[in-house]
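Reader: I would like to go through the side-chain contacts and the strand pairing of this protein, one question at a time. Could you begin once the structure is in view?

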Amino acid sequence: MNVEGEWAEGEAPRGPFELQPFNVAASPGFVPWLAEQSAALAITTGDRLMLIGRRGERLDVREHRFSAAAGLAAPSPRTLLLASDWQLLRLEDSLLPGTRADDGHDRRYLAQSAVTTGFLGSYDIAVDTHGRPLFTSAVCNCVATVSPRLSFTAVWKPPFVSALSGGDRCRVTGLALEDGELAYVACAAATDDLGGWSAELADGGVLLDARSGETVAAGLSLPHSPRVTEHGLLVAAGGTGELLALDPATGSHEVVARVPGIARGLDVHGRFAVLGCSRLPDGSPYGDAPIAGSDEPLRQALFVIDLARGAVVAELELLAASGEVIAVAVLRDTVSPAVDASTGGLVERIAIA
């Protein structure tokens, strides 16, 4: 299904950014899957937040531009946390529970607060049992939270990193909570050398137990987005385009599914995982990853995977996308989300088909 803007040519509202054409292509099962799950999706793709819902049997896609949009979390369907270039933003649903806006949306997110962090390279966010936002920092090689006085407060660093300092050394790429507490952290490599992770793309990645500091799994390629689920400990192996199920007790893993691109951005809803997949842009630091040598054309897409069968049941291809898929969040009990027009930087490309 190709989705096109509802504005006639030349009638699109003008704003601070030039509107560019975009399309998505959904498999036949994608919109029915959203309907069956009573869910919508939020993703970040380089310089924008995309909200993916439905209007009846039609796909409804909204875009909102943020500089260097990266980590994303939905601690509840009414709240989004988003890491942008130099801020951690909190967006809240401005609608009363159970109501809809005049245009039919059942979620209308309004930017309510922003914490200045400086650029940290935050690819993953979660909210712990104490209500603290936790986010990874590739630039400072740690997991951090917000600070009332400084750019951030570090709450954990890998044991092989000698000190908290600027410089992308091990590239901390993801975190996972268990029972509301920080449990696992993914790194592209176990190194303390500045830029050292980039020499170990093929199999240098590790998953660490944040409680003990021990290595749970090694030999991974660009692990991202670890998640503790009722189906076990899952992680996206970006460099091989795989969704892995890990056994923390033994460090062994099995491939649940494969996707044609860099696997990054993962959320789980019931028995389904939604996994992001990206092509390698020109000049990508991941050019030496194993997936770069694939005989299959790489794609920019979202894949819905049935974890019970390890099978892709629906997909949404992102055409003319602005950047790699970085984060994915399932918005439960949501049909048609949007971002409030009063939020700065809006580039709302309305796509209904």
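Author: Arg-264 lies over the face of Tyr-123, at 5.5 Å from the ring centre, where a charge counts as sitting over a ring if NZ of Lys or CZ of Arg is within 6 Å of the ring centre and within 35 degrees of the ring normal. This is a predicted model, in which local features need pLDDT of at least 70 and side-chain atom pairs count only at pLDDT 80 or more, while totals for chains, interfaces and linings use all residues. Residues are numbered from 1 along each chain as its sequence is written, and side-chain values use heavy atoms, with hydrogens and water left out.

Reader: Over the ring of which residue does the charged end of Arg-211 sit?

Author: The distance from the charged end of Arg-211 to the centre of the ring is 5.1 Å. The ring in question belongs to Tyr-184.

Reader: With which residue does the side chain of Arg-264 meet in a salt bridge?

Author: A salt bridge here is a side-chain nitrogen of Lys or Arg within 4 Å of a carboxyl oxygen of Asp or Glu, and for Arg-264 the N to O distance is 3.0 Å. The pair links distant parts of the chain, 60 residues apart, with Arg-264 in strand 21 (residues 262–269) and its partner in the loop between strand 24 (311–319) and strand 25 (327–332); helices (H or I, at least four residues) and strands (E, at least two) are DSSP runs, numbered from the N terminus. Both residues of the pair are buried, a word that means under 20% relative accessible area, with exposed meaning over 50% and partly exposed in between (1.4 Å probe, protein chains only). The partner of Arg-264 is Glu-324.

Reader: How many residues apart in sequence are the parts that Arg-332 and Asp-267 tie together?

Author: Arg-332 forms a salt bridge with Asp-267, and their closest N and O atoms are 4.0 Å apart. Arg-332 counts as partly exposed at 29% relative accessibility, whereas Asp-267 counts as buried at 16%. Because Arg-332 lies in strand 25 and Asp-267 in strand 21, the pair ties together parts whose separation in sequence is 65 residues.

Reader: Are Asp-60 and Arg-62 buried or exposed, and how many salt bridges does the count come to?

Author: Asp-60 and Arg-62 form a salt bridge, with 3.3 Å between the closest N and O atoms, and both residues are buried. Elsewhere, salt bridges that share partners join Asp-47, Arg-48, Glu-63 and Arg-65 into one network. By the salt-bridge rule, the count comes to 21.

Reader: How many aromatic pairs does a search of the whole structure find, and what is the angle between the planes of Trp-33 and Phe-272?

Author: The search finds two aromatic pairs, where rings of Phe, Tyr and Trp (its six-membered ring) pair if their centres lie within 6.5 Å, and planes under 30 degrees apart count as stacked, over 60 as edge-to-face and the rest as tilted. Because Trp-33 lies in helix 1 (residues 30–37) and Phe-272 in strand 22 (residues 272–278), their pair ties together parts that are 239 residues apart in sequence. Trp-33 and Phe-272 are both buried. Their rings are 5.8 Å apart centre to centre and edge-to-face, with an angle between the planes of 85°.

Reader: Why is the pair of Trp-197 and Tyr-286 edge-to-face?

Author: Trp-197 counts as buried at 5% relative accessibility, and Tyr-286 is buried with a relative accessible area of 2%. The ring centres of Trp-197 and Tyr-286 are 6.1 Å apart, and the pair is edge-to-face because the planes stand at 65°.

Reader: What is the order of the strands in the open sheet of five strands, and which are its edge strands?

Author: Two strands pair if DSSP finds at least two bridges between them, and in this open sheet the pairing is antiparallel, with the order 1-24-23-22-21. Within it, strand 22 and strand 23 pair over six bridges, and Gly-276 stands opposite Leu-302 in strand 23. The edge strands, each of which pairs on one side only, are strand 1 (23–26) and strand 21.

Reader: Is Asp-179 buried or exposed?

Author: Asp-179 has a positive phi of about 55° although it is not a glycine, and its place is in the loop between strand 13 (172–178) and strand 14. At 76% relative accessibility, Asp-179 counts as exposed.
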